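Subject: Structure handover

Dear colleague,

Here is the structure we spoke about, with the sequence. My notes follow below it.

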Amino acid sequence: MASNIIQAATSHDALFPVQTRPRLLVVDDQPANIQVLYQILSSDYQVFMATSGAQALALCAARQPDLVLLDLIMPDMDGYQVCQRLKEDAVTRDIPVIFITAQTDESAEEMGFDLGAVDFISKPINPRIVKARVKTHLMLKAQSDLLRSWAYLDGLTGVHNRRFFDERVNAEMGRAIRNQTPLSLVMLDVDFFKRFNDHYGHQAGDDCLRRVAATLKNSLMRGGDHVARYGGEEFVCLLPDTDFAGAMRLAEAIRQEISGLQIEHAQSSVAPYVTVSLGIGCKPAHLHASAMSLISLADTQLYKAKEHGRHRYYG
Ligand code: GH3
Ligand code: MG
Ligand code: MG
Ligand code: MG
């Protein structure tokens, strides 16, 4: 397939590194049509090409372009089918699709919008209109991506929020069951934090939470790991492909790193600085479990860590 992917390489590269330019996929069964669009767009964008619907779907899944320019009439799989398939798959659903077609009747256009296309451009194409529409839709896509990412962040600490975690833990559990891989969860809670707030004030409490969150982020080694704020002074670390032993190692490392921050806590009964208690839940590789049971297990273990003296982990 690699031979079918032609990447733009122009003098524009010096100003705008190729890998950071928005990525477009142009799909048309006629190479001559692709050539025309390539010439119009390749100076501003990375342009990938496909000459069939099947190829377009494969490229979208593998490379997730920022926008697709899609021919309507193609043999085998037409543009409508390609668009429908893109919108059905969670991985490609949010990629905007612009139809480019010689078909001018309104019902064709209506059907395209019904299937989730964002725009229609008619052939023969006007280069300036193509450029303007592509630019507009890329901007809208970038804005909605940004808003979506904000919706998943915790405002105080900057790590992911509960909404993100709730969605992710279900997705990761599904994946772990399908792939028969382990999935671990470390849940942690700051010890005697009410006393901390009462003694040092709410502002200092907020600062403490920010430092704890930053430390958790730094402690997670793998790209696929996620840290989220689960509640007030409770955080969760979601660890795909991590078995119980790995989760225990991480819990211990976190325990030590938080106490190592030496954030003064004169009112704590465990230490003169801020500490955390942790609970571990693990779904072993070849067993089934629900996201709910994993969370409840980690929560139970966290409760035990509290009961047995705090500043420790249980699993
Ligand atoms: P334990 O060791 O058993 O966990 O005791 P604790 O005092 O930490 O637990 P408790 O649940 O009684 O108190 C949690 C406190 O966390 C109460 C609340 O004021 C504080 N808290 C929750 N969210 C925030 C926040 O966003 N900022 C600040 N500063 N404090 C918060
Ligand atoms: Mg065609
Ligand atoms: Mg708590
Ligand atoms: Mg607490």
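Gln 180 sits in the loop that links α6 to β6. This is a predicted model, and in it the phi of Gln 180 is near 50°, a positive value in a residue that is not glycine. Gln 180 has 11 C-beta neighbours inside 10 Å, so it counts as exposed. Gln 262 belongs to the loop between α9 and β9 (276-283). Its phi is near 55°, again positive in a residue other than glycine. Gln 262 counts as exposed because 11 C-beta neighbours lie inside 10 Å. The backbone also has a cis peptide bond, between Lys 123 and Pro 124, with omega at about 0°. Pro 124 is in the loop between β5 (119-122) and α5 (127-151). As background, most residues other than glycine have a negative phi, and most peptide bonds are trans.

Next, the cores. The largest nonpolar core has 43 residues. Those touching the most other members are Leu 185, Val 186, Met 187, Phe 235, Val 236 and Leu 278. Beyond its neighbours within four places in sequence, Val 186 has contacts with Val 236, Cys 237, Leu 239, Ala 247, Leu 250, Ala 251, Leu 278, Ile 280 and Ala 298. There is also a second, separate core, of 29 residues, with Val 47, Cys 60, Phe 99 and Val 134 among them.

On the α6 side the contact is made by Val 169, Asn 170 and Met 173, and on the α10 side by Ala 291, Leu 294 and Ile 295. By class, the residues of this contact are 5 nonpolar, 1 polar and no charged.

Ile 295, in helix α10, is buried, because 21 other C-beta atoms lie within 10 Å. Not counting residues up to four places away in sequence, Ile 295 touches Val 169, Leu 185 and Gly 281. Ile 295 and Ala 271 are 24 residues apart along the chain, and 28 Å separates their C-alpha atoms.

The second pair is α7 with α8, which pack at an angle of about 130° with their axes 6 Å apart. That angle makes α7 oblique to α8. Phe 193, Phe 196, Asn 197 and Tyr 200 of α7 make the contact with His 202, Ala 204, Gly 205 and Cys 208 of α8. The class count for α7 with α8 is 5 nonpolar, 3 polar and no charged residues.

These helices also bear on the ligand site. Which elements each supply at least two residues of the shell around ligand 1? They are β6 (183-190), α7 (193-200) and α8 (202-219). In total 17 residues surround ligand 1, and the closest are Asp 191, Phe 193, Lys 194, Gly 205 and Gly 232. The shell around ligand 1 divides into 5 nonpolar, 4 polar and 8 charged residues. Phe 193 and Gly 205, listed among the closest to ligand 1, also take part in the contact of α7 with α8.

Val 82 is in helix α3 (residues 79-88). With 27 other C-beta atoms within 10 Å, Val 82 is buried. Apart from neighbours within four places in sequence, Val 82 is in contact with Val 27, Gly 53, Ala 56, Leu 57, Leu 70 and Met 77. Val 82 and Arg 178 are 96 residues apart in sequence, and 26 Å apart in space from C-alpha to C-alpha.

Met 248 is in helix α9 (residues 244-260). Is Met 248 buried, exposed or partly exposed? Met 248 has 19 C-beta neighbours inside 10 Å and a buried residue needs 20 or more, so Met 248 counts as partly exposed. Leaving out residues up to four places away in sequence, Met 248 touches Ile 280 and Gly 315. Met 248 and Gly 315 are 67 residues apart in sequence, with 7.4 Å between them in space, C-alpha to C-alpha.

Regards

Terms used: Residues are numbered from 1 along each chain as its sequence is written. Chains are lettered from A and ligands numbered from 1 in the order in which they are written. This is a predicted model: local features need pLDDT of at least 70, side-chain atom pairs count only at pLDDT 80 or more; totals for chains, interfaces and linings use all residues. A nonpolar core is a set of buried Ala, Val, Leu, Ile, Met, Phe, Trp, Tyr and Cys residues joined through C-beta atoms within 7 Å. A residue is buried if 20 or more other C-beta atoms lie within 10 Å of its own, exposed if 12 or fewer, and partly exposed in between; C-beta atoms are placed from the backbone. Two residues are in contact if their C-beta atoms, placed from the backbone, lie within 7 Å. A residue is near a molecule or strand if its C-beta atom, placed from the backbone, lies within 6 Å of it. Helices (H or I, at least four residues) and strands (E, at least two) are DSSP runs, numbered from the N terminus. Ala, Val, Leu, Ile, Met, Phe, Trp, Tyr, Cys and Pro count as nonpolar, Asp, Glu, Lys and Arg as charged, and the others, Gly among them, as polar. Axes are lines fitted to C-alpha atoms, for helices over the stretch in contact, and angles run from 0 to 180 degrees between N-to-C directions. Angles under 35 degrees count as roughly parallel, over 145 as roughly antiparallel, 65 to 115 as roughly perpendicular and the rest as oblique.
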